[in-house]
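Please read the following report alongside the sequence and the coordinates.

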Amino acid sequence: MQTLKNSDEKVFYESHMDTKLNCIYSTWLGYVNLNSVKSGCLVGLDLIKETNCPYIINDNTDLIGPWQQANEWIQEFWMPKAIEAGLRYMAHVTSPDIFGKLSAKDLEKKAAGIFTMRLFSTKEQASEWIRECQEKDSETEMGRE
């Protein structure tokens, strides 16, 4: 488990490989700013590189406030590197906070045509979609054999 803390020693980001679901699971907590979003994204990118995992659940359930100021950086810097490292699908669990939802919708638009990203309101919905993506990929792989 990778954990990042802010200057007040409060955790704002955690990421780990969920071996049960076979995907990377990232959690964002509290308020974030541009620098903290970049820091968390880079830790997540390292995990994608280490695992070569094409699936990620990005959980913003406990995130408060907007983070849209980071979306251009995510699109221009992080997305190409994440795809190069093997990312293909991102299930994004939105924050109940309206500003967080708007930030997520903006990022979903920026991801269009780059990789597959879907927004969900619950962790369960996100997990189910990841399972469906894995099944689809598995069927595709079996068809190639």
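## Basis and naming

Helices (H or I, at least four residues) and strands (E, at least two) are taken here as DSSP runs, numbered from the N terminus. In that naming, Asp46 belongs to helix H1. The model is a predicted one, and the description below should be read accordingly.

## The sheet

Six strands form an open sheet in the order E1-E2-E3-E4-E5-E6, and their pairing is mixed. At the edges lie strand E1 (2-5) and strand E6 (116-120), each of which pairs on one side only. From one strand to the next, the twist averages 15°.

Strand E5 (residues 89-93) and E6 run parallel and are joined by five bridges, and within this part of the sheet Val93 stands opposite Phe120 in E6. Helix H3 (residues 98-111) packs on the sheet, where it touches both E5 and E6, and its direction makes about 160° with that of E6.

Strand E4 (residues 55-63) contains Asn60. Is Asn60 buried or exposed? Because its relative accessibility is 2%, and buried means under 20%, Asn60 counts as buried.

When neighbours within four places in sequence are left aside, the residues in contact with Asn60 are Trp28, Trp67, His92, Val93, Thr94 and Ser95. One of these, Val93, is the residue already described as standing opposite Phe120 in E6.

## The pair of helices H1 and H2

Helix H1 (residues 34-51) packs with helix H2 (residues 71-85) at an angle of about 10°, and their axes are 9 Å apart. Since angles under 35 degrees count as roughly parallel, H1 and H2 are therefore described as roughly parallel to each other. The crossing in which H1 passes H2 is left-handed.

On the H1 side, the residues that meet H2 are Val37, Lys38, Cys41, Leu42, Leu45, Ile48 and Lys49, while Trp73, Ile74, Phe77, Trp78, Lys81, Ala82 and Ala85 take part from H2. Sorted by class, this contact of H1 with H2 has 11 nonpolar, no polar and three charged residues.

Where Asn60 counts as buried, Asp46 is partly exposed, with a relative accessible area of 40%. Asp46 and Lys81 are separated by 35 residues in sequence, and their C-alpha to C-alpha distance in space is 9.9 Å. Lys81 is also among the H2 residues that meet H1.

Notes. Residues numbered from 1 in each chain as written. Predicted model: local features only at pLDDT ≥ 70, side-chain atom pairs only at ≥ 80, totals over all residues. Heavy atoms only, no water. Buried < 20%, exposed > 50% of the residue type's maximum accessible area, 1.4 Å probe, protein only. Contact = heavy atoms within 4.5 Å. Pairing = 2+ DSSP bridges. Axes fitted to C-alpha atoms, helices over the stretch in contact; angles between N-to-C directions. Parallel < 35°, antiparallel > 145°, perpendicular 65-115°, else oblique. Left-handed = near helix turned anticlockwise from the far one by under 90°. Nonpolar A, V, L, I, M, F, W, Y, C, P; charged D, E, K, R; others polar.
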